[in-house]
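Trainee: Could you take one part of this structure and go through it slowly with me, residue by residue? I would like to know how its side chains are placed and what they meet.

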Amino acid sequence: HVRIKQIRWVAATTAGHICELVDVDSNIVWRSVASGANYVESDLHHNEVAVSTPLGLRASALPSGRVFVTYG
């Protein structure tokens, strides 16, 4: 397990684009839908997530932008 402190999605280009992060069992850890161009969302997230390594967290949907995850 790892503890996620923050998740930030930046530079989504189109309304309706979805960012979805899942753990090793494909459980949704975090999900957001862009409301328009240049969408940014940042959430504090203080949950433990079951992953084999911090790289075990993956984006199952990310048509645009970048995701930054802070562990702690």
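Mentor: Let us begin with Ser 32, which counts as buried because its relative accessibility is 4%; buried means under 20% relative accessible area, exposed means over 50%, and partly exposed is what lies in between, calculated with a 1.4 Å probe on protein chains only. Before we go further, keep in mind that this is a predicted model, in which local features need pLDDT of at least 70 and side-chain atom pairs count only at pLDDT 80 or more, whereas totals for chains, interfaces and linings use all residues. Residues are numbered from 1 along each chain as its sequence is written, and side-chain values use heavy atoms, with hydrogens and water left out.

Ser 32 belongs to strand S3, strands being DSSP runs of E with at least two residues, numbered from the N terminus. If we set aside residues up to four places away in sequence, Ser 32 touches Trp 9, His 17, Ile 18, Cys 19, Tyr 39 and Glu 41, where a contact means heavy atoms within 4.5 Å. Of these, Ile 18 is 14 residues from Ser 32 in sequence, while the two C-alpha atoms are 5.8 Å apart in space. With Glu 41, the side chain of Ser 32 makes a polar contact of 2.4 Å; such a contact is a pair of N or O atoms within 3.5 Å, one able to donate a hydrogen and the other to accept it within protein, and residues adjacent in sequence count only if both atoms are side-chain atoms.

Strand S3 also holds Arg 31, which pairs with Glu 20 of strand S2, so that parts 11 residues apart in sequence are tied together. Theirs is a salt bridge, with the closest N and O atoms 3.0 Å apart, and the structure holds one salt bridge, defined as a side-chain nitrogen of Lys or Arg within 4 Å of a carboxyl oxygen of Asp or Glu. Arg 31 is partly exposed at 45% relative accessibility, whereas Glu 20 is buried at 16%.

Val 29 lies in strand S3 too, and with residues up to four places away left out, its contacts are Ile 4, Leu 21, Val 22, Asp 23, His 45, Val 49 and Leu 57. Val 29 is a member of the largest nonpolar core, which has 12 residues in all, including Trp 30, Trp 9 and Tyr 39; a nonpolar core is a set of buried Ala, Val, Leu, Ile, Met, Phe, Trp, Tyr and Cys residues joined through side-chain atoms within 4.5 Å. Strands S1 (2-12), S2, S3 and S4 (39-49) each supply at least two residues of this core, and S1 gives the most, with four.

Trp 9 is buried, at 0% relative accessible area, and Tyr 39 counts as buried at 16%.
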